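Subject: Structure handover

Hello,

The structure is pasted below, and my notes on it follow. Please read them with the coordinates open.

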Amino acid sequence: MTSGLAAVRGRTVSIDVTASATPQDGFDDFRREWEAQVGEPWPLNRLDVTASSDFKVRFQAVAAVDVVIADAYSASYVGRTVPDHETGRWVAVHRLRHGSWRFGRLDGRGEDLTFEAGTLIVRHDVPEFFEIPYGSAADLLFLPARAVAPLPGGKPIVGSADTAEVRVLMAHAQMIRETVCDLTPTGLWAARGALVELVRGAMRRELDAVEPLLAPALLRAAMEIADQHLTDPELTPTMLARKLNVSVRTLHRAFAAATAGEPVAAYIRRRRLEQARMELAAPRHRPGVSEVAARYQFADGSHFIRAFKAQYGQTPAEFARASSPLDRWLHPLR
């Protein structure tokens, strides 16, 4: 993982060993694929295979300078890791999206812990026992321990993943995953630096909302929250600012800087219209115009019709008719 930083560029990694015959085959295939795609050996602890072990995972990631950002899915991962190198060189950040994750220290200095979806875990990469059931999925970050603040007492930090600092951290991590191959070396270092600062903030449960470099991540996090609450009557710029623990002014500034001046309220309205349009185009069980208008919080049907026509050049009813399979069959050249 760029131990010598000889080539400061991003690399994408995609590994699927969910069909491996044995745990050893799975882990060996995983490490070979990692080295082939990244150009360096797998930097973390190796799997110690026993009769009760299993290793079937799907792993998509980017390696950016000296950090790894990954999306991991478990078909079955049971076993323990043993050190290939100096223990504690890496800090791992987990955001569990589905399923659960149980692990325990092999040295007897900590109890077995089980975490469910919606949990954030920050821990050192130390020899541990793992049990990750089928269908579990997590966002993972691996960073050099020297780059982040020490873990208090060396113990894992555990908390909710539904906090402002974690939302912004994961939004930034996702942006790196999407753009890593297009970033210049300078841009990659800047993205990596912002990621480290956001991890430190998540560990302290703090968010530096006024840092200009974090405005794109703040914007991305706000958009994700808005997209999840498009049918919520409480969705407003004030609600988004409250969920992200920033001022409304800071939120507006992030939108103005990163979306060519589109205000927060305009983004919410546009996304509601886009979702309404998708529902009106449904091939079956299509809702009525008034039902869609109410679901997406338009004041009344006429207000929805005016907004829809201004956005798409036709009324909702005209669009729904044009989207009908029967209409397309009757008027194939229209």
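Asn245 counts as exposed, because its relative accessibility is 61%; on this scale buried means under 20% relative accessible area, exposed over 50%, and partly exposed in between (1.4 Å probe, protein chains only). Asn245 sits in the loop between helix H5 (237–243) and helix H6 (248–258). Helices (H or I, at least four residues) and strands (E, at least two) are DSSP runs, numbered from the N terminus. Asn245 is not a glycine, yet it has a positive phi of about 60°.

Arg205 likewise has a positive phi of about 60° without being a glycine. Its place is in the loop between helix H3 (185–204) and helix H4 (215–228). With 49% relative accessibility, Arg205 counts as partly exposed.

On provenance: this is a predicted model, in which local features need pLDDT of at least 70 and side-chain atom pairs count only at pLDDT 80 or more, while totals for chains, interfaces and linings use all residues. Residues are numbered from 1 along each chain as its sequence is written, and side-chain values use heavy atoms, with hydrogens and water left out.

Strand S10 (residues 136–144) is mostly covered, with 9 of its 9 residues buried. In a regular strand the side chains alternate between the two faces of the sheet. In S10 both faces are covered: Ser136, Ala138, Leu140, Phe142 and Pro144 are buried on one side, and Ala137, Asp139, Leu141 and Leu143 on the other. S10 pairs in the antiparallel sense with strand S4 (residues 67–82) over 7 bridges and with strand S5 (residues 90–98) over 8 bridges; two strands pair if DSSP finds at least two bridges between them. Asp139 in S10 stands opposite Asp71 and also opposite Arg95.

Next, the cavities. A search of the whole structure finds 2 cavities of 30 Å³ or more. On a 1 Å grid over the protein atoms alone, a cavity is a set of points where a 1.4 Å probe fits but cannot get out, and lining residues have an atom within 4 Å of a point. Grid points are joined across faces, edges and corners, and a volume is the space filled by probe spheres set on the points.

The largest cavity holds about 410 Å³ of space. It is lined by 29 residues, of which Trp42, Tyr77, Trp101, Leu140 and Phe142 are the closest to its centre. Among the elements that each supply at least two residues of this lining are helix H1 (23–38), strand S3 (54–64), S4, S5 and S10. By class the lining has 20 nonpolar, 6 polar and 3 charged residues; Ala, Val, Leu, Ile, Met, Phe, Trp, Tyr, Cys and Pro count as nonpolar, Asp, Glu, Lys and Arg as charged, and the others, Gly among them, as polar.

The second largest cavity holds about 50 Å³. Its lining consists of Val168, Leu207, Asp208, Ala209, Glu211, Leu214, Ala215 and Leu218, which divide into 6 nonpolar, no polar and 2 charged.

Finally, Arg123 lies in strand S8 (residues 119–124) and counts as buried, because its relative accessibility is 5%. Not counting residues up to four places away in sequence, Arg123 touches several residues, including Trp90, Phe103, Glu128 and Phe130; contact means heavy atoms within 4.5 Å.

Regards

Key
1 Å grid on protein atoms, 1.4 Å probe; cavity = no way out; pocket = protein on both sides within 12 Å on 5 of 7 lines; lining within 4 Å.
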